[in-house]
Amino acid sequence: MIRSETRPTPIRTAGTSIFFDGAKNGKLMLQRCLECHQVNLTGYQFCPYCLNPTEWIASEGLGRINSFSIVPETSHPGFKELLPYVVAEVTLHEGPTLGLMLVGSNPENISIGQQVQMSFLNEGASEATPIWNVI
Amino acid sequence: MGRIYGRSPIDFAVEAVSLALKDCGIAKDDIDGLLISGGLCSYLKMPDAVSMHLQNALGLTDLKLVNEMNSYGATAATMLQYAAMTCSTGQTDAVVCVFADAPLKKKPTDGYGTAINVGTGIESLNGASGILNAATSFAMAARKYMDRYNTTSEQLAHIAVDARAWATMNPRAQKREPITVEDHQNSKVIADPLRLLDCCLVSNGGIAVIVTSAERAKDLRQPSVNIIGWGQGHPGNRGDRTINTGAAMSGRLAMEMAGVTLGDIDIRQIYDCFTYTTLITLEDYGYCDKGEGGTAFSGGRLGPKGDLPTNTGGGQLSSYYMWGMTPISEAIIQARGQAGERQVDKHELTLVSGNGGVLQYHASLVLSSAV
């Protein structure tokens with residue numbers, strides 16, 4: 001359990017090192033199975049579809065919004081200055097689904113099915129934080 | 001249960017077990033199984049959470065069954081299933097299933113406040129992204145469904161209104177004032193489209209259920225409630241799990257085992273962490289066609305004057321949030337005929353649900369009153 005007054009920073013693990021290195025360089029890295037070629041983003045060593053080893057590949061970070069929510073209030077001090085903020089669950093073209101903050105849009109103009117692209121916040125924290133932008 | 005401070009989850013657990021033993025008349029030394037479930041305190045790995053230490057706090061030695069279990073909100077129903085299995089084979093005589101939690105602290109920053117389990121790696125992106133609690137995730141789940149099937153917030157309001165109507169008759173309920181659809185619509189947005197009155201309570205407390213063989217139960221103090229069917233359905237990360245939930249599988253398996261159909265069920269006790277959860281569970285149990293939940297469960301149908309009495313104690317929305325033990329406890333009280341003012345006349349068969357996580361896990365039970 002982490003008790004924090006500031007916005008939480010992502011936490012790197014051995015298995016996600018390449019992901020977070022990519023994030024620092026503004027690049028989305030995904031995992032593709034060497035056997036079945038399906039793509040995932042788990043940070044686990046083995047493919048969650050066929051259990052074979054995977055490799056890391058670069059991605060354009062494009063996807064579509066499955067759903068989103070507008071959060072008007074929070075008791076967490078790290079997010080107060082971002083209120084109201086939007087979170088969106090997106091399925092990337094390659095397949096993995098990821099929930100991240102969606103930044104830069106008027107909440108009233110966001111809709112399910114919109115195309116988004118991942119970008120990265122590099123605000124001097126130890127790790128970069130991925131976000132969605134509507135394109 | 002409720003806004004009770006200064007006691008640890010283990011304290012609540014021990015008291016709940018003590019009360020359960022007195023309730024049925026089984027001696028503590030006759031207990032030979034213990035199944036343990038913790039709530040948020042366990043999830044956040046807080047030092048005073050329930051754990052295997054509970055066996056020692058209860059002074060139980062030489063048990064034939066003891067495990068700490070976790071499928072989140074589905075845990076309670078699965079504990080009753082496993083206890084029933086070991087008691088029916090004679091491997092155990094009497095098993096205590098207990099849940100306890102104390103997420104509410106006197107000072108807001110001590111509990112839910114700024115403490116979040118960020119996980120690591122990819123999971124840590126949730127915390128970093130402001131996805132801090134179940135409400136935000138369930139809000140996205142609800143929006144996806146509502147967008148696809150044109151469900152309205154007013155339709156969700158009816159579910160909240162009906163749960164509260166039952167709670168007004170429940171002395172144990174934390175919320176006893178009736179509410180209207182207008183009250184729901186005026187309640188503040190927590191994470192759009194979910195409002196405060198779409199969300200369950202937070203409670204400190206504990207609930208213990210003792211399971212024994214039907215033979216043994218006949219000689220005990222309370223009318224016995226029989227566990228006649230169980231089933232589990234855990235979608236895991238299946239992409240459409242929030243719209244086609246595990247309730248379809250767990251409910252079907254539980255009812256098949258019990259040899260009953262929906263039409264036989266008298267009362268429904270549904271895990272209602274959010275109004276949306278009630279809607280999608282009943283829909284996936286088969287009470288309406290896919291997408292019809294908004295119209296099917298509004299208009300008072302689930303309330304005291306409705307034809308589908310559901311969450312007859314007020315549910316997690318209005319009575320108390322003891323995770324999966326909330327629907328189970330009310331099911332037992334009603335099945336015994338001990339629900340007083342809110343007693344449902346026909347209470348022979350009850351369908352109980354247990355949702356875990358954000359619809360990744362699901363368990364169902366069918367309970368029957370003693371014949």
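Trainee: In this predicted model, which strands of chain B does helix α4 lie across, and at what angle does the helix run to β11(B)?

Mentor: Helix α4 of chain B covers residues 75–88. The strands it lies across are β8, β10 (349–356) and β11 of chain B, and its direction relative to β11(B) is about 55 degrees.

Trainee: What is the order of the strands in the open sheet of chain B, and which are its edge strands?

Mentor: Four strands form this open sheet with mixed pairing, and their order is β8-β11-β10-β9. From one strand to the next the twist averages 20 degrees. An edge strand pairs on one side only, and the strands of chain B that do so are β8 (225–232) and β9 (267–269).

Trainee: In what sense do β8(B) and β11(B) pair, and which residue is the bridge partner of Gly231(B)?

Mentor: Strand β11 of chain B spans residues 361–369, and its pairing with β8(B) extends over seven bridges in the antiparallel sense. Within β11(B), the bridge partner of Gly231(B) is Ser364(B).

Trainee: Why does the radius of gyration of chain B agree with that of a compact globule?

Mentor: Chain B has 371 residues, and a compact globule with that number would have a radius of gyration near 21 Å, so the value for chain B agrees with this expectation. Along the principal axes, its C-alpha atoms fill a box of roughly 55 × 45 × 40 Å, and 56% of its residues count as buried. The radius of gyration of chain B is 19 Å.

Trainee: Which element gives the largest share of the side of chain A that touches chain B?

Mentor: The contact between the chains involves 37 residues of chain A and 32 residues of chain B. Elements of chain A that give two or more residues to this side are β1 (2–3), β5 (62–71), β6 (85–92), β7 (97–102) and β9 (129–134). By type, the residues on the side of chain A divide into 18 nonpolar, 16 polar and three charged. The largest share, six residues, comes from β5(A).

Trainee: Over which residues of chain B is the pLDDT below 50?

Mentor: The model as a whole scores ipTM 0.96 and pTM 0.97, while chain B averages a pLDDT of 95, with 96% of the residues scoring at least 70. One stretch of chain B has a pLDDT below 50, although the model gives this stretch 13 contacts beyond near neighbours in sequence. Where pLDDT is low, the predicted coordinates should not be read in detail. The stretch in question is residues 110–114 of chain B.

Definitions and conventions: Residues are numbered from 1 along each chain as its sequence is written. Chains are lettered from A and ligands numbered from 1 in the order in which they are written. This is a predicted model: local features need pLDDT of at least 70, side-chain atom pairs count only at pLDDT 80 or more; totals for chains, interfaces and linings use all residues. Two residues are in contact if their C-beta atoms, placed from the backbone, lie within 7 Å. Ala, Val, Leu, Ile, Met, Phe, Trp, Tyr, Cys and Pro count as nonpolar, Asp, Glu, Lys and Arg as charged, and the others, Gly among them, as polar. Two strands pair if DSSP finds at least two bridges between them. Axes are lines fitted to C-alpha atoms, for helices over the stretch in contact, and angles run from 0 to 180 degrees between N-to-C directions. pLDDT is the predictor's confidence in each residue, from 0 to 100. The radius of gyration is taken over C-alpha atoms; the globule rule is 2.2 Å times the number of residues to the power 0.38. A residue is buried if 20 or more other C-beta atoms lie within 10 Å of its own, exposed if 12 or fewer, and partly exposed in between; C-beta atoms are placed from the backbone.
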